[in-house]
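Work through the exercises below with the model open. Each task is followed by a stepwise solution.

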Amino acid sequence: MKRLLALFMVLALVAAACGDDDSGEPEAQPDEAPATTAAAPEPDDEMMLDELNVAYFLEWPTANQVAQIEQTYDEALGMTVNWIPFASGGDMAQAMESGDIDISYSQGLTPFANFVTGGSDLLLIGVAVSYADADNCVANPDLGITADNAAETLAGQKIYTPLGNVTHFKLLKMLEHLGVDTSAVELIQSEGGPAAVAALDSGEVALACAFGGAVNQMIANGGNLVMTGSEQEAIGIRVFDIISTTGDFAADYPDILTGFLQVTEDANRAYNSDREPFIGAIAEAAGMDPAPTVALLDAFSFPEKDAQLSEAWLGGTVQQVMKDQMDFFVAQGEIDSALPSYDDFVDTSFLEAVN
């Protein structure tokens, strides 16, 4: 689709060149420029993209969703922007690989790092949101699981969790810190937030791990946190989501990426200045009621351009966090090997061009 116009132009030139030799048209003389030798102007690839497909999460309210629901992205980029909900960051990565998704907004860092470790052509271009308590594991209220007794109470138990994402990473780091023998627990692959709530309510699992509204719902249903987000941060677990694309898309459409990040930056600045006018729009875009939206937003922060470009983020820390996570997964036997460095998968040029 992106090069359809170019194809039509080529076919037109071929048709002209393949006309009947006996048409009666005079041949070009040596001192005349042949009619078909003039080079056709190269079409601008970026002008030929008429739709942008962006992956995002429902029940995951972010500051940019005001621009999403008000179609500010569409106006700024001059095209239709399709926002497509996904269940996991791994699904987002697969959709980018297949070409179905152009940009993933708020993709988890861990699935991104997992995929590039496996050879995927993905590129990190920004930080979407930083959070801690919004992603966590909730304990079955009937088991009395706490940080002090987790090593004993979790032995032989089942844990419901996504695999290969930041929630999985946090779980393993937490279990290691609490002295839980991971070989003595059974991890069950999560099918999403509502499924996590159902699994914990059923009494079949000791812990259920999720993000967003599912965490709040499990706590409201009587579950308890074994460690809070701030306690996890204190042992070195940093949790944030990113904005990503593919290397090919970045090479073909740099101005679109900068324009997308500009709208996002404007939305973050407005939210950070005064979020109250935007709660309703964010809740609508996230598919949530205002009260639980506010509860999640209280656990979120949206770093602006200068912060993202600092050493604390894209200036080196994000790359190191990816390396630390993948090395940890190697040590846990989850993956075979990590890359020596993840620097090549972070490109700040598009964010640097934002005003």
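**Exercise 1. Find how helices α14 and α15 pack, and which residues make the contact.**

Step 1. Helix α14 covers residues 279-286 and helix α15 covers residues 290-297. Helices (H or I, at least four residues) and strands (E, at least two) are DSSP runs, numbered from the N terminus.
Step 2. The two pack at an angle of about 100°, with axes 9 Å apart. Axes are lines fitted to C-alpha atoms, for helices over the stretch in contact; angles run from 0 to 180 degrees between N-to-C directions.
Step 3. α14 and α15 are therefore roughly perpendicular to each other (65 to 115 degrees).
Step 4. I279, I282 and A283 of α14 meet P290, T293, V294 and L297 of α15; contact means heavy atoms within 4.5 Å.
Step 5. These residues divide into six nonpolar, one polar and no charged. Ala, Val, Leu, Ile, Met, Phe, Trp, Tyr, Cys and Pro count as nonpolar, Asp, Glu, Lys and Arg as charged, and the others, Gly among them, as polar.

The model is predicted: local features need pLDDT of at least 70, side-chain atom pairs count only at pLDDT 80 or more, and totals for chains, interfaces and linings use all residues. Residues are numbered from 1 along each chain as its sequence is written, and side-chain values use heavy atoms, with hydrogens and water left out.

**Exercise 2. Do likewise for α6 and α17.**

Step 1. α6 (residues 109-117) packs on α17 (residues 317-331) at about 75°, axes 10 Å apart.
Step 2. That makes α6 roughly perpendicular to α17.
Step 3. From α6 come L109, T110, F112, A113, N114 and T117; from α17, V318, V321, M322, Q325, M326 and F329.
Step 4. The contact has eight nonpolar, four polar and no charged residues.

**Exercise 3. Describe the largest pocket and the largest cavity.**

Step 1. The largest pocket has a volume of about 510 Å³. A pocket is an open set of points on a 1 Å grid with protein on both sides within 12 Å along at least five of seven lines; in a cavity a 1.4 Å probe fits but cannot get out, and lining residues have an atom within 4 Å of a point.
Step 2. Of its 27 lining residues, A87, S88, G192, G193 and F211 lie nearest the pocket's centre.
Step 3. α5, α9, β8 and α10 each give two or more residues to this lining.
Step 4. The largest cavity has a volume of about 100 Å³. Among its 13 lining residues, F57, G108, N165, V166 and F211 are closest to its centre.

Technical notes:
Parallel < 35°, antiparallel > 145°, perpendicular 65-115°, else oblique. Points joined across faces, edges and corners; volume = space filled by probe spheres on them.
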